[in-house]
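Please examine the sequence and the structure shown below.

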Amino acid sequence: MIVKLGPCRLELIQGDITQQHVDAIVNAANSALAGGGGVDGAIHDSGGPSIMKETREKYPEGCATGNAVATAAGDLPAKFVFHAVGPIWKGGRQGEPEQLAMACRACLQLAVKHNCASVAFPALSAGAYGYPIDLAAANLIKTTMDFVRWHQKPALVRFVLFDQGTFGAFARAVEEVVPR
Ligand code: AR6
């Protein structure tokens, strides 16, 4: 699924984020930047140990929830990894929507700062962190569209969804804001 946003493009695909040939991919990290399962595990496994080495050297204090930090991408096809820390879902009234939007915006800001024309996101917070998929999808799509409409960059934002259910949730979120 592709949506044109002025000079920019929003894409949804089903796939594996580690395989994306884009300037930057977003990692679904934890605040200790300690590695883990899901997207985080896949990125460190495929990207090799240089990503964790750089992370430990540059960000020994970790990264706050709702923020993101950049490293190079090791053996991955991307140039950068943006390690974003989404919120753990605690029912939705403890700032989770704001924190998820902040984490998404932090990655888009890093893309602009590092001159990345293309950036790929996973369904941040919607795995181990338990954020309901429909709510996560709506939040990430709206935050991205608002940012791209305002800044007119990055040229390509791609959401890489691991399974059909997640893809469907993002497709519905896009259809809600871009009627066909
Ligand atoms: N490519 C794309 N999406 C994937 C991939 C992949 N290779 N692998 C999983 N997903 P999660 P979170 C999907 O748990 O909820 C880690 O342990 C997955 O199906 O990776 O933000 C970290 O260290 C789900 O839809 O991220 C943190 O401690 C989505 O990506 C914690 O998990 C996000 O799932 C972060 O949890």
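Q: What is the volume of the largest cavity?
A: This is a predicted model, and the value is computed from its atoms. The structure holds one cavity of 30 Å³ or more. The largest cavity has a volume of about 30 Å³.

Q: Which helices each supply at least two residues of the lining of the largest cavity?
A: The lining of the largest cavity includes Asp40, His44, Met52 and Thr55. By class, this lining holds four nonpolar, five polar and one charged residue. The helices that each supply at least two of its residues are α1 (38-47) and α2 (50-58).

Q: Is histidine 83 buried or exposed?
A: Histidine 83 is part of the lining of the largest cavity and lies in strand β5 (residues 80-84). Buried means under 20% relative accessible area. Since the relative accessible area of histidine 83 is 2%, this residue is buried.

Q: With the side chain of which residue does the side chain of histidine 83 make a polar contact?
A: Not counting residues up to four places away in sequence, histidine 83 touches several residues, including Asn27, His44, Thr55 and Thr71. The side chain of histidine 83 makes a polar contact, at 3.0 Å, with the side chain of threonine 71.

Q: Which side chain is joined to that of aspartate 40 by a polar contact of 2.7 Å?
A: Aspartate 40 is placed in helix α1 and is buried, with a relative accessible area of 4%. Leaving aside neighbours within four places in sequence, its contacts are Asn27, Ala28, Ala29, Asn30 and Gly35. The side chain joined to that of aspartate 40 by the 2.7 Å polar contact belongs to asparagine 27.

Q: Which element gives the most to the lining of the largest pocket?
A: About 580 Å³ of space lies in the largest pocket. Of the 29 residues that line this pocket, the closest to its centre are Ala28, Gly38, Val39, Ala123 and Gly127. Both α1 and β7 (156-161) supply at least two lining residues. With four residues, the element that gives the most is α1.

Q: Is leucine 33 buried or exposed?
A: Most residues other than glycine have a negative phi. Leucine 33, in the loop between β3 (24-28) and α1, has a positive phi near 50 degrees. Because its relative accessibility is 6%, leucine 33 counts as buried.

Q: What is the phi of glutamine 152?
A: Glutamine 152 lies in the loop between α4 and β7. At 44% relative accessibility, glutamine 152 counts as partly exposed. Although glutamine 152 is not a glycine, its phi is positive, at about 60 degrees.

How values were computed
Residues are numbered from 1 along each chain as its sequence is written. This is a predicted model: local features need pLDDT of at least 70, side-chain atom pairs count only at pLDDT 80 or more; totals for chains, interfaces and linings use all residues. Side-chain values use heavy atoms; hydrogens and water are left out. On a 1 Å grid over the protein atoms alone, a cavity is a set of points where a 1.4 Å probe fits but cannot get out, and a pocket is an open set with protein on both sides within 12 Å along at least five of seven lines; lining residues have an atom within 4 Å of a point. Grid points are joined across faces, edges and corners, and a volume is the space filled by probe spheres set on the points. Ala, Val, Leu, Ile, Met, Phe, Trp, Tyr, Cys and Pro count as nonpolar, Asp, Glu, Lys and Arg as charged, and the others, Gly among them, as polar. Buried means under 20% relative accessible area, exposed over 50%, partly exposed in between (1.4 Å probe, protein chains only). A polar contact is a pair of N or O atoms within 3.5 Å; within protein, one must be able to donate a hydrogen and the other to accept it, and residues adjacent in sequence count only if both atoms are side-chain atoms. Contact means heavy atoms within 4.5 Å.
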